[in-house]
Amino acid sequence: LRDCQQADVKLLAGWKQWKRTSSKSWKKVLNEVKELSSYLKLWRHDIHSIGGKFGTGIQSYFSFLRFLVLLNFIVFILMFSFVTLPSIISKYGIFNSTFTKILPENIEPHCTVYKPSDNKGLVYFYTYLKDLLSGTGFLEDTILFYGYYTIDAAWISILRYNLPLAYLLATFAYLGLSVLWIIKRSVEGFKQSLVHEEDQFQSYCNKVFAGWDFCVTDPYAARLKHSSLQYELQTDLEEERLKRKIADRTMKDKLRIYSLRIFINVIVIAVLSACFYSIYRVTVFSQENSNDMSNANFQANLLVQYLPSMVITLANFIAPQIFSFLIRYEDYLPAFEIRLTLMRCVFVRLANIGVLLFSLWSQISYCATDKCKACGYNYKLYPCWESEVGQEMYKLMIFDFIIIVAVTLFVDFPRKLLVTHCSCKPVQWCGLQEFGISDNVLGIIYGQTICWIGTFFSPLLPAIATIKYFIIFYIKKISLIHTCKPAARPIRASSSNFFFLVVLLIGLVLAFIPLGISIAYIPSSKACGPFRSFNTSWAVVPYTILGFPMGLQQVLHGIASEAFAVPFFMVICLIMFYFIALAGAHKRVVEQLREQLVMESRDKLFLIRKITEAQR
């Protein structure tokens, strides 16, 4: 075959021959570069060894953690390059650079007063520790928080750098990059999940003939995989039994089950309401009393500042336990039961962040005097409210990391020692801690949502998230190998990857809401930050457009008008309907091909019978 191909190449013209040869060479170079880059992947050997010992389900969690490390690192590079670095260069006069500050016009003088709570005189060590954990004191007026970036323009030689516009565009850029990257990865997972959405007969065939995970080499993990396959078959049979049971229900049974489900959902709503109200009350209490506490009482001051983070963590722990207990009585199918429980847990984790921000905004927007209304926000309690929100996100991230480390050191390791060296029946009945993939994933998605929201208020928060997830990788790896056992009900890697990314995308979409409100609705602080000369952060966009040539202004206003938006929306709808129709046609073709395969198998059986009869 190779000789024939080479003979065909020799018969081609010089240009076509060179084109084909160069194409083959280029493909070979790309394949070698791709193979070489695979060796440079972060934690490549560690993740492969985890997959070999514990299967692809747990491997998918660590691959997901690596993805978040890379995503946060890219976001950090973006924010540091376009926001932090120009501010540092212009403030310290590097490369003959200067900066300009434009004082806000038509603003009351009391709105522009901001004195960061820096420590004066003799400072105790525990004060620095408190500031490091809460983001106050010496950290408040640093590059870590929004209030540091008070430059309106940086001049590098003769080039003018518009920092407010760069700050806003960098925010849109990291959100857009996150959306595109997640969608790209989730599309790949969606293709794999479609392969596994087959009818029940094909599901049994796949489990029997192709269910084994050949990455498993550890004997214990192999026994676990055996029991996992057995559990999956039992689950399928149980679902078939429940479907028949549902079909045979009488009207009395349906009324009883639906009434019970309504009652349980009322309890779920009551639990969520209690969590939200508790977070709201402790946030208001913390904001009103954190500045009044004396620095001499270190423990009380730190407790008051961390009170919202502690209540949120407690709610994230208690609410899922209640949901897991209540779901048993709702009589759902096992697969739907797992998905519903996970979605409730996702909602309570992400909604808790939203309630915290709503509590902060209610305090920020509360104005009872004319002097406060002139500023547009509570200037006495929050002279630089963006930095205050950044500090809350910073505390949530730090506290979440402390909890993960504390649970590993003071719960998982002692439990391992007790199970290993104590033969008491209660201890052996508890056994080792299971490595729950879904629970761990929900934990890091919660932290990532905090990072997306907080990056606008704390531009270096992605750097902290990168370091946090980097350390968590090794903590979870050590915990998995030495203190935990794989979950008795592992999930397939293809479906888990897609589910992780869908939940992460939900967290990102929910992060858009508070950021959109902060940028477009709440008045920006007049005492700090790059947007102090504007009514809102979004106001920098129309202000910048006014400086463009008249022709470009008309084009941009035309794009933003209804005359452009309505036809554009109609074209998008037509394209969407076309792809929906195309997908439906492809689905029908697939069904026809499956029917042809079934018919061919029946024809083969018919021919075999005829041949057998003829031989007889």
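Buried means under 20% relative accessible area, exposed means over 50%, and partly exposed is in between (1.4 Å probe, protein chains only). Keep that handy for the exercises below. You're working with a predicted model, where local features need pLDDT of at least 70, side-chain atom pairs count only at pLDDT 80 or more, and totals for chains, interfaces and linings use all residues. Residues are numbered from 1 along each chain as its sequence is written, and side-chain values use heavy atoms, with hydrogens and water left out.

**Exercise 1. Find where confidence is lowest and where it is highest in the chain.**

Step 1: Start with the score itself: pLDDT is the predictor's confidence in each residue, from 0 to 100.

Step 2: Look at the whole chain. Its mean pLDDT is 79, and 86% of the residues reach 70 or more.

Step 3: Now go element by element. Helices (H or I, at least four residues) and strands (E, at least two) are DSSP runs, numbered from the N terminus. The chain has 21 helices and five strands. Strand 1 (residues 97-100) comes out lowest, with a mean of 58, while helix 17 (residues 461-482) is highest at 91.

**Exercise 2. Work out which parts of the chain the K477 and D46 pair ties together.**

Step 1: Check the rule. A salt bridge is a side-chain nitrogen of Lys or Arg within 4 Å of a carboxyl oxygen of Asp or Glu. The whole structure has four of them.

Step 2: Check the distance. In the salt bridge between K477 and D46, the closest N and O atoms are 3.1 Å apart.

Step 3: K477 sits in helix 17 and D46 in helix 3 (residues 44-54), so the pair ties together parts that are 431 residues apart in sequence.

Step 4: Apply the opening definition: K477 and D46 are both buried.

**Exercise 3. Say which helix holds both K395 and E392.**

Step 1: Their side chains meet in a salt bridge at 3.1 Å, N to O.

Step 2: Both lie in helix 14 (residues 385-421), three residues apart, or about one turn of the helix.

Step 3: K395 and E392 are both buried.
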